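Here is a short briefing on one protein model.

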Amino acid sequence: MAVSFSTTTINDLPDVILSNIIAAVSDVRARNAASLVSRKWLLLDRSTRTSLTLRGNARDLFMLPSCFRSVTHLDLSLLSPWGHPLLSSTAASYPALFAQLLRQSFPNVKSLIIYSRNPSALELLAPQWPSLSQIKLVRWHQRPPQLPPGADILPVFENCRDINSLDLSCFYCWTDDIPPALKAHPQTAAKLTFLNLLNPSFTEGFKAQEVEEISKACPNLKKFLIACMFDPRYIGFVGDETLLAISINCPKLSLLHLADPSALLNARADPDTQGFTPEDASITVATLIEMFSGLPLLEELTFDISNNIRDSGPAFEILNSKCPKLRSLKLGNFHGISMPIESKLDGIALCQRIESLSIRNVADLTDMGLIAIARGCSNLVKFEVQGCKNITVRGMRTFVSLLNRTLIDVKISCCKNLGAVSSLKSLEPIQDRIRKLHIDCVTESNIDDELGNNNRKKRKFDFDLNDSKSSDSTNETWTKLEHLSLWFSVGELLTPFLSSGLEDCPNLNEIYIKVEGDCRHFSKPSQREFGLQSLCMFPNLSKMQLDCGETIGYAHTAPSGQMDLSLWERFYLYGIGAVNLEELDYWPPQDRDVNQRSLSLPAAGLLQECVMLRKLFIHGTAHEHFLMFLLRIQSLRDVQLREDYYPAPENDMSTEMRADSCSRFEDALNRRRIED
């Protein structure tokens, strides 16, 4: 009797199960590939895709997809020409028609991100989706000065009565714009549960009265992020009364993020300072205790200010008891957070349930205090320390040893005694499990220097801990490290650092390199190249962010004996073609005197050597004929110029920012045949 065998494939699964499998795929490229398997998979992909970011040029209405009708989250902020008003004659030939087509193509949108250069785009788009519940506005260009207060935001409240989330963290506006818009629509404002006002364009932050008005207008907030002015030297600074008002007006908060505007700019602390700022904040420990007592649902707290709050340990002991759900804590310029006496824990060390801790500029934190935190906070997964001059490699090493079962994300920055090699040395106990790491590549001196023997200088890669095993410490493998972040001052080299302890990172997928400083203080670099070619030692490295945006120099003709920014760009980008990158974000250096961050000719020539590159985002400007160099990259599919920094250049008619120039390059890019 013949026996027949039937073959079961994944297509035999019920459509409900198969659609759940496809919906669980988060990688965009993998999902696009899955949709090409068969018509059935294509339909399942289209019916389950809920998030979509549109690229391409807004004028090409015929390319607007109409098959993603299940999309609920739509991002329009990256449409080309970037930074131009979306529904204007420059961007779209028929603004009203474009708005209607968007509505027909994506009828179920509940969450929207849009670049709103002026209110016209919101006035046309907001009525298309009256049931919108989440909106994020983006604008890096300056606010039109002729608009009345709140005019940029009013279309949101006028047309979207069900909105519960408003994100203005990347929206260049004035602090005067927010309270009037909320007061004009009190019922809509009362429905807000998420409000993000952490905007670097607020040079001074919100004043006390404005913070109180905002919190009073939005009593149901669960997540509140705002940039405040804490400096007591200014009129309207945020103090005790304002903090108590927040806890009284918004008792349902689960996330509270209060930050000084200077902290948002990620300004680095000087490791040689004493750690205390000249002025103390007008905030008492008693007020902090009362505030924490009024927010029992708090899960994430950020209090990042630029003025001293001294002897704050008792406040965090109350925070632990009054906020049992707290899991994340970030503090800046809080002192006395951990001052253990013998083996008794205090302060932050009693917050035993937190999983993420970030501390900045804690002047009196010592090794013993750091170790006490590790003993008490035994569930830490993420730890960031910045500007703490008293902790040493021994204290940090003991800290990570105590947390070797949980800690996988570490950032060490601006700590006087923890340079590059010291940081790597201290992290050896978790070397085989850490997944994300940031360190500063700074110069260190040996023990002889500390004793006053200055005739023997030791570079940062010659660390000695008086440990017989120190010479073999760099032979270990960073088995699970996936993301590496490095900070360099201008003129420092990458190559020696990588060869001092990070040679073996088999799973490193993404690297972020930030270069900061003033090129005008140097006549030329000490070497020909920065050392990007040395990144070839990482076999799986495919994504890189090279941020030279805080590198300052001469954009045009430099004085005699100086290099202009084009030669500095050549120094930093030389050898990048040898790295098999698929995605690159690049911030060109800047000339602040003329507010220019532009891709130079040497930079364009070096970027064209990245033969594997698929995505390239240049966070600056570029001439059209420089962009044409990039067409020689056969695999390149997505290129965009983004002036996403404050303030973005306003002169849109220059050869570097003209919409027609960008459109011609995009047309040439899209005409090419892409094999995959």
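Two residues are in contact when heavy atoms lie within 4.5 Å. By that cut-off, Phe303 touches Phe230, Leu243, Leu258, Ile283, Leu288, Met291, Lys330, Leu331, Gly332 and Phe334, leaving aside residues up to four places away in sequence. The model is predicted.

**Nonpolar cores**
- The largest nonpolar core holds 172 residues.
- Phe303 and Phe399 have the most contacts inside that core.
- A second core is separate and has eight residues, including Trp82, Trp140, Cys170 and Ala648.

**Fold and dimensions**
- The protein has 22 helices and 22 strands.
- Along the principal axes, the C-alpha atoms fill a box of roughly 90 × 70 × 60 Å.

**Contacts and burial**
- Of the contacts with a separation of 6 or more, 78% join residues 24 or more positions apart.
- Buried residues account for 54% of the 676 residues.

**Surface and charge**
- The accessible surface is about 29,500 Å².
- Carbon and sulfur atoms contribute 51% of that surface.
- The protein carries 70 positive and 80 negative charges.
- The mean positions of the positive and negative charges are 5 Å apart.

Note on methods. Residues are numbered from 1 along each chain as its sequence is written. This is a predicted model: local features need pLDDT of at least 70, side-chain atom pairs count only at pLDDT 80 or more; totals for chains, interfaces and linings use all residues. Side-chain values use heavy atoms; hydrogens and water are left out. Helices (H or I, at least four residues) and strands (E, at least two) are DSSP runs, numbered from the N terminus. Buried means under 20% relative accessible area, exposed over 50%, partly exposed in between (1.4 Å probe, protein chains only). Accessible areas come from the Shrake-Rupley method with a 1.4 Å probe; for residues, only the protein chains shown count as cover. Lys and Arg count as positive and Asp and Glu as negative; His and the chain ends are not counted. The place of a charge is taken as NZ of Lys, CZ of Arg, CG of Asp or CD of Glu. A nonpolar core is a set of buried Ala, Val, Leu, Ile, Met, Phe, Trp, Tyr and Cys residues joined through side-chain atoms within 4.5 Å.
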